Amino acid sequence: MTLKKITISVGIIRNSQNEIFITQRDASSHMAGFWEFPGGKVEADETPCEAVVRELQEETGIVAERPVLIKSLEHIFPDRVIILHFHLVEKWQGEPYGKEGQPMRWLPQSELKPEDFPPANESIVKALISGEI
Ligand SMILES: Nc1nc2c([nH]c(=O)n2[C@@H]2O[C@H](COP(=O)(O)OP(=O)(O)OP(=O)(O)O)[C@@H](O)[C@H]2O)c(=O)[nH]1
Ligand SMILES: [Mg+2]
């Protein structure tokens, strides 16, 4: 069986107090109830950077300025393979909110918990907690 392969681009929105903006996945979605970095699927005609700018506008209302690609990884779920591109976003216009009605919060990066996120996020969340990023 060939697993479905999806490319995803997400934004780690960090403010000047080292807080990270996270949102909660909808009850009906893949990885329901987990917290995530806002983002989504890269369309065929987009670069990962263009995709994260579009997704952040759709999901959080901000216009991200110069997202920086900090890590890309592949994760195999039982039903799909995803390629995740993580971008650090430290400059933007507007104020992020749960534009699609999703629960949201700002959390100091040292207080993030790997178990609150999908398993593919473990290494990046640990790097944020330790201050490596
Ligand atoms: N947005 C986001 N998705 C993540 C993260 N970690 C992770 O494993 N994923 C997975 O990556 C995929 C992202 O899909 P998505 O539902 O956000 O895609 P999307 O915004 O384009 O949604 P749509 O196609 O339903 O409109 C899901 O399978 C999700 O479980 C993360 O930190 N943020
Ligand atoms: Mg999404």
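**Close-up views of a predicted model**

**View 1. Glu58 pairs with Arg54 in a salt bridge.** Their closest N and O atoms are 3.2 Å apart. A salt bridge here is a side-chain nitrogen of Lys or Arg within 4 Å of a carboxyl oxygen of Asp or Glu. The two residues sit four apart in helix H1, so about one helical turn separates them. Helices (H or I, at least four residues) and strands (E, at least two) are DSSP runs, numbered from the N terminus. Glu58 is partly exposed, at 36% relative accessible area. Arg54 is also partly exposed, at 21%. Buried means under 20% relative accessible area, exposed over 50%, and partly exposed in between (1.4 Å probe, protein chains only).

This is a predicted model: local features need pLDDT of at least 70, side-chain atom pairs count only at pLDDT 80 or more, and totals for chains, interfaces and linings use all residues. Residues are numbered from 1 along each chain as its sequence is written, chains are lettered from A and ligands numbered from 1 in the order in which they are written, and side-chain values use heavy atoms, leaving out hydrogens and water.

**View 2. Gly39 and Glu59 coordinate the magnesium ion (ligand 2).** The donors are Gly39 (O) and Glu59 (OE), at 2.2 to 2.3 Å. The pair links distant parts of the chain: Gly39 lies in strand E4 (residues 39-41) and Glu59 in helix H1, 20 residues apart. Donors are N, O and S atoms within 2.8 Å of the metal (3.2 Å for Na, K and Ca); water is not among the atoms, so sites may look incomplete. Gly39 is buried, at 11% relative accessibility. Glu59 is buried too, at 9%.

**View 3. Arg25 and Glu36 meet in a salt bridge.** The N to O distance is 2.4 Å. Arg25 is in the loop between E2 and strand E3 (35-36), while Glu36 is in strand E3, 11 residues apart. Arg25 is partly exposed, at 25% relative accessibility. Glu36 is buried, at 13%.

**View 4. The largest nonpolar core has 21 residues.** Ile12, Ile22, Phe37, Leu84, Phe86 and Leu112 touch the most other members. Strands E1 (4-14), E2 (19-24) and E7 (80-89) and helix H2 (122-130) each give two or more residues to this core. Another core, of eight residues, lies apart from it; Phe21, Val52, Leu56 and Trp92 are among them. A nonpolar core is a set of buried Ala, Val, Leu, Ile, Met, Phe, Trp, Tyr and Cys residues joined through side-chain atoms within 4.5 Å.
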